[in-house]
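Let's take a walk through this structure together, stopping at a handful of residues and contacts along the way.

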Amino acid sequence: MVQFDVVALGELLIDFTLSGDSAQGNPLFEANPGGAPCNVLAMLTKLGRKCAFVGKVGDEMFGRHLRQTLNESGICADALITDAQAHTTLAFVKTAPNGDRDFSFYRDPGADMLLTEQELPKVLLSRTKIFHFGSLSMTHEGVRRATKTAVTLAKAAGALISFDPNLRPPLWADLSEAREQIAYGLSVCDVLKIADNELQFMTGEDDSERGARRLQAAYPNIRLLNVTCGAQGSHTYCGALHAEQAAFLLGRTVDTTGAGDTFCACILHFLLTHTLDALTQDELQQMLRFANAAAYLVTTKKGALRSMPSTAQISALLQE
């Protein structure tokens, strides 16, 4: 019996976002709940979907704050484990004037790295329509095994598999290992969300269309391939079909953290009410436009998990 629309596994952390300077001239950081897989779930719950998260946090103020945030967001936290030994992962995010972000992670180890196969909620993983994951849960051997086992369990139960590489180079000891593990994700997913820089990392192609077609040829299991290109908008590839939509550039962006996760959530939301292998050109355009609008709106606030727009806000923007 299916109980959830989407279950996601991975990192749940605190994004410390630069928020001005103190009277003494010291940088001030706001502690925003985050972590790509859970950001996706936060947007989906805003859209009325039933979601659950699988992961691990520390037994301290940050871990408790994150659990409370999941509960307040309506995300099932039954499979969120508290580790008494390790601390919750922290990420400090500085945004440059051009929108590029610089990340500094405190994760040596972070609790999210310590999830094991034995701790997986097997029943929950067998009762979801979509299972979503990224590459940060594959940076270390133990959690990598847990992630791959979770994929296997969900796939065996008939779930669609969704993957977002979410490449963060500082978290990998060797980028060749990152490439290998991302290739695993590409090889098992039905739905892919990939940023243009990650597409270039995996294919060597600077042109997003050439890169996307190259991935389609190498991984025929990918039934819907979505490429986000920041201010240049987004593309989607479904078999021979290709659609693209411009970004919403309305000048109110303050923090781009979570934009890709919001976009990804909207794609999954669309697939929950449409047949993946029967999507039309018009439907793909509609899907991208909605996802781009939501992604823009989340950039108008600090943080991600608690900043997701409502359906009404997205609809209002689309009507402008």
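Strands here are DSSP runs of E with at least two residues, and helices are DSSP runs of H or I with at least four, numbered from the N terminus. Before going further, please note that this is a predicted model, in which local features need pLDDT of at least 70, side-chain atom pairs count only at pLDDT 80 or more, and totals for chains, interfaces and linings use all residues. Residues are numbered from 1 along each chain as its sequence is written, and side-chain values use heavy atoms, with hydrogens and water left out.

Back to D15: is this residue buried or exposed? With a relative accessible area of 7%, D15 is buried. The word buried stands for under 20% relative accessible area, exposed for over 50%, and partly exposed for what falls in between, using a 1.4 Å probe and protein chains only. Setting aside its neighbours within four places in sequence, D15 is in contact with E30, A31, N32, G34, G35, A91, V93 and T257. A contact means heavy atoms within 4.5 Å.

Next come the aromatic rings. A pair of aromatic rings is described by the distance of the centres and the angle of the planes. Here, rings of Phe, Tyr and Trp (its six-membered ring) pair if their centres lie within 6.5 Å; planes under 30 degrees apart count as stacked, over 60 as edge-to-face and the rest as tilted. Across the whole structure, the search turns up seven aromatic pairs. One of them joins F16 and F92, whose ring centres are 4.6 Å apart with planes at 10°, so this pair is stacked. It bridges distant parts of the chain, since F16 sits in strand β2 and F92 in strand β6 (residues 90–95), 76 residues apart. F16 is buried at a relative accessible area of 11%, whereas F92 is partly exposed at 24%. Another stacked pair is made by F131 and F133, at 6.0 Å centre to centre and 20° between the planes. F131 is buried, with a relative accessible area of 0%, and F133 counts as buried at 0% as well. Ring pairs also link F16, F29, F62, F92 and Y106 into a cluster.

From the rings we move to a loop. R107 lies in the loop between β7 (101–106) and α3 (122–125), and it is buried, with a relative accessible area of 10%. Which residues does R107 touch, not counting those up to four places away in sequence? They are T89, D112, M113, L136, T139, H140 and L171. R107 and L90 are 17 residues apart in sequence, yet their C-alpha atoms are 6.8 Å apart in space. The loop between β7 and α3 also holds P109, which is joined to D108 by a cis peptide bond with omega of about -5°.

N166 is not a glycine, although its phi is positive, at about 45°. This residue is buried, with a relative accessible area of 10%. Within helix α5 (residues 175–188) you will find Q181, which counts as buried at 3% relative accessibility. Leaving out residues up to four places away in sequence, Q181 touches M138, R144, K148 and W172.

What about the cysteines? A disulfide is a covalent bond between the sulfur atoms of two cysteines. Taking a disulfide as a pair of cysteine sulfur atoms within 2.5 Å, the count comes to zero. For C238, the nearest cysteine sulfur is that of C189, 13 Å away; C238 itself is buried at 10% relative accessibility. The sulfur of C266 has its closest cysteine sulfur in C264, and the 9.3 Å between them is too far for a bond. C266 is buried too, with a relative accessible area of 2%.

Our last stop is a pair of helices. Helix α9 (residues 281–298) packs against helix α10 (residues 311–319) at an angle of about 110°, with axes 9 Å apart. The axes are lines fitted to C-alpha atoms, for helices over the stretch in contact, and angles run from 0 to 180 degrees between N-to-C directions. α9 and α10 are therefore roughly perpendicular to each other; the term covers 65 to 115 degrees, while under 35 is roughly parallel, over 145 roughly antiparallel and the rest oblique. On the α9 side the contact is made by R289, F290, A293, A294, Y296 and L297, and on the α10 side by Q313, I314, L317 and L318.
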